[in-house]
Amino acid sequence: MRRKIIAGNWKMNMTPGEAVKLVEELKPLVKNEEADVVFCVPAIDIVPVVEAVKGSNIEVGAENMYFEEKGAYTGEISPAMLVDAGVKYVILGHSERRDYFHETSEDVNKKMKKALEHGLVPIMCCGESLTQREQGITLDWIRQQVKVGYQDIAAADAAKTVIAYEPIWAIGTGKTATTEQAEEVCKAIRDCIAEIYDEATAEAIRIQYGGSVNAGNAAELFAQPDIDGGLVGGASLKAEFGKVVCYK
Ligand code: PEP
């Protein structure tokens with residue numbers, strides 16, 4: 001039985017002061033012993049948030065990192081910096097980074113390998129645009145993102161990772177994929193992992209759905225056989241996140 005994982009993606013929201021206040025507000029609301037609860041926060045919020053979550057069930061994630069160890073990469077954050085600050089998870093290849101910052105699946109693959117080398121758990125995002133869905137190429141596209149993202153990653157490492165299926169047309173739009181659409185793609189991702197590796201790895205890997213998850217739709221989405229939780233944007237910034245985490 002895979003353990004659920006419900007992660008908030010704060011994106012570019014919350015100053016360090018606001019971040020600590022939000023953690024204090026959410027701490028008592030996100031207690032669910034059956035799920036891993038992760039707050040993925042902006043880089044500048046990591047240190048105060050790690051301090052603020054101490055003694056709670058909340059783990060801290062980053063929203064991005066660079067694939068080099070250190071050096072002349074102005075503005076970037078290294079995996080060692082994240083680990084030293086107390087970060088456990090890192091979102092990689094979010095569609096906003098792919099779209100606005102031109103990250104490719106090859107870049108994401110380099111980041112995946114580097115994160116795993118440092119013991120971080122990558123949450124690798126994939127997802128199709130509305131045009132791709134309308135063209136009927138959703139599954140081909142997602143399979144390609146997954147295959148490139150996991151290139152040269154050993155099965156034992158892949159099994160530890162998390163994949164977030166996030167249809168781009170559902171992110172921040174209030175348009176959630178139907179339960180059937182979300183399950184269909186999450187199952188296809190699991191099948192793709194089985195093809196690349198084996199059944200055991202496919203059974204172990206956790207696959208989230210993301211895209212306008214809220215208190216009203218979380219229970220149905222997370223009850224699907226191939227959906228092991230959610231990556232949540234907007235609703236993770238308010239008390240509603242407690243209802244998403246405690247969805248049952
Ligand atoms: C996201 O940021 O990954 C996301 C899914 O956002 P939202 O829940 O707001 O659609």
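Which of the 14 residues around the ligand come nearest? In this predicted model, the residues that come nearest are Lys11, Glu166, Gly172, Ser212 and Gly233. By class, the shell around the ligand is made up of 8 polar, 4 nonpolar and 2 charged residues.

In the side chain of Lys11, an N or O atom is found 2.8 Å from an oxygen atom of the ligand, while for Ser212 a polar backbone atom is placed 2.8 Å from a ligand oxygen atom. Gly233 likewise contributes through its backbone, of which an N or O atom lies 2.8 Å from an oxygen atom of the ligand. Of the 290 Å² that the ligand exposes when taken alone, 95% is buried by the protein, and the space that the ligand takes is the second largest pocket.

As for the chain as a whole, its secondary structure comprises 12 helices and 8 strands. The radius of gyration of the chain is 17 Å, which is close to the 18 Å given by the globule rule for 248 residues, so the chain is as compact as a globular protein of that length.

Methods:
Residues are numbered from 1 along each chain as its sequence is written. This is a predicted model: local features need pLDDT of at least 70, side-chain atom pairs count only at pLDDT 80 or more; totals for chains, interfaces and linings use all residues. Side-chain values use heavy atoms; hydrogens and water are left out. A residue is near a molecule or strand if one of its heavy atoms lies within 4 Å of it. A polar contact is a pair of N or O atoms within 3.5 Å; within protein, one must be able to donate a hydrogen and the other to accept it, and residues adjacent in sequence count only if both atoms are side-chain atoms. Accessible areas come from the Shrake-Rupley method with a 1.4 Å probe; for residues, only the protein chains shown count as cover. On a 1 Å grid over the protein atoms alone, a cavity is a set of points where a 1.4 Å probe fits but cannot get out, and a pocket is an open set with protein on both sides within 12 Å along at least five of seven lines; lining residues have an atom within 4 Å of a point. A molecule sits in a cavity or pocket if more than half of its atoms lie within 2 Å of its grid points. Ala, Val, Leu, Ile, Met, Phe, Trp, Tyr, Cys and Pro count as nonpolar, Asp, Glu, Lys and Arg as charged, and the others, Gly among them, as polar. Helices (H or I, at least four residues) and strands (E, at least two) are DSSP runs, numbered from the N terminus. The radius of gyration is taken over C-alpha atoms; the globule rule is 2.2 Å times the number of residues to the power 0.38.
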